[in-house]
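Visitor: I'm new to this one. Can you walk me through it?
Guide: Happy to. Let's bring it up.

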Amino acid sequence: MNVLTLHRSETKYRLMDYETASKYFRYIPETGEIIRIRPTIRSNGRPYTGGLNKSAAIKLNTGYLICQLTDEGTRYAILAHRLAWLLHTGKNPKDQIDHINGDRSDNRIQNLREADASLNQRNRHTKVGRNKDLPIGIYRAKRKGRPGIWFGVYCECYGKRLSTFKRNLDDAIKTRRAFEEKLWTNN
């Protein structure tokens, strides 16, 4: 059985199946909202009715929404876009779910699609982290024995990889775009 650990805690969360999901949640495909339709059972056996007939999703600091519940002593946690896919299609996604418009909290069915890691990365709209002011695939780098600012260029798709350094940001962007066009027009 698949087990997912969240936030480095020792609490184990099991992946949800369609039967459990449909028992506790209702999905509205037009709005992307997930509504809790049944109270969860606390660890002491008493039902928790808070949030009944309201949105079940909680926003994480990553921008994604997550839904959690406890059913007969088993704790479940699932990202809202994966739960939306599960409730709409009746099965868990094979790989990843991509938000077509890049908005991680927009879980309307027309905004979701199954994707492999390569397609999901190609559809990234924003960067996070210390190099977020640079385009996707470009980062600032230091090179031993070579002073000054360097720009690293990285891309890995379809089993092919580009990893190089450029002195100029414009050259780094051109190199990345040329590599992407070469890869994505061939596949």
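Guide: One term to start: a charge sits over a ring if NZ of Lys or CZ of Arg is within 6 Å of the ring centre and within 35 degrees of the ring normal.
Visitor: Which ring has R38 over its face?
Guide: That of Y24, with R38 at 5.4 Å from the ring centre.
Visitor: What kind of model is this, and how are residues numbered?
Guide: This is a predicted model: local features need pLDDT of at least 70, side-chain atom pairs count only at pLDDT 80 or more, and totals for chains, interfaces and linings use all residues. Residues are numbered from 1 along each chain as its sequence is written, and side-chain values use heavy atoms, leaving out hydrogens and water.
Visitor: How many helices and strands in the protein chain?
Guide: Four helices and 14 strands. Those are DSSP runs, numbered from the N terminus: helices are H or I with at least four residues, strands are E with at least two.
Visitor: Now R36. Where does it lie?
Guide: R36 is in strand β4, residues 33-36.
Visitor: Is R36 buried or exposed?
Guide: R36 counts as buried because its relative accessibility is 11%. Buried means under 20% relative accessible area, exposed over 50%, partly exposed in between, with a 1.4 Å probe and protein chains only.
Visitor: What is R36 in contact with?
Guide: Leaving aside neighbours within four places in sequence, its contacts include Y24, F25, N53 and Q68. Contact means heavy atoms within 4.5 Å.
Visitor: And K23?
Guide: K23 is in helix α1. K23 is partly exposed, with a relative accessible area of 28%. Beyond four places in sequence, K23 is in contact with I37, R38, D71 and E72.
Visitor: How far is K23 from P39 in space?
Guide: 10.0 Å, C-alpha to C-alpha, and 16 residues apart in sequence.
Visitor: Switching topic. How many residues has the largest nonpolar core?
Guide: It has 21 residues, and M16, F25, Y27, I34, C67 and L83 have the most contacts inside it. A nonpolar core is a set of buried Ala, Val, Leu, Ile, Met, Phe, Trp, Tyr and Cys residues joined through side-chain atoms within 4.5 Å.
Visitor: Which element gives the largest share of this core?
Guide: α2, with six residues.
Visitor: What does C67 touch?
Guide: Not counting residues up to four places away in sequence, C67 touches F25, I34 and L83, among others.
Visitor: How much of the protein chain is buried?
Guide: Of its 187 residues, 34% count as buried.
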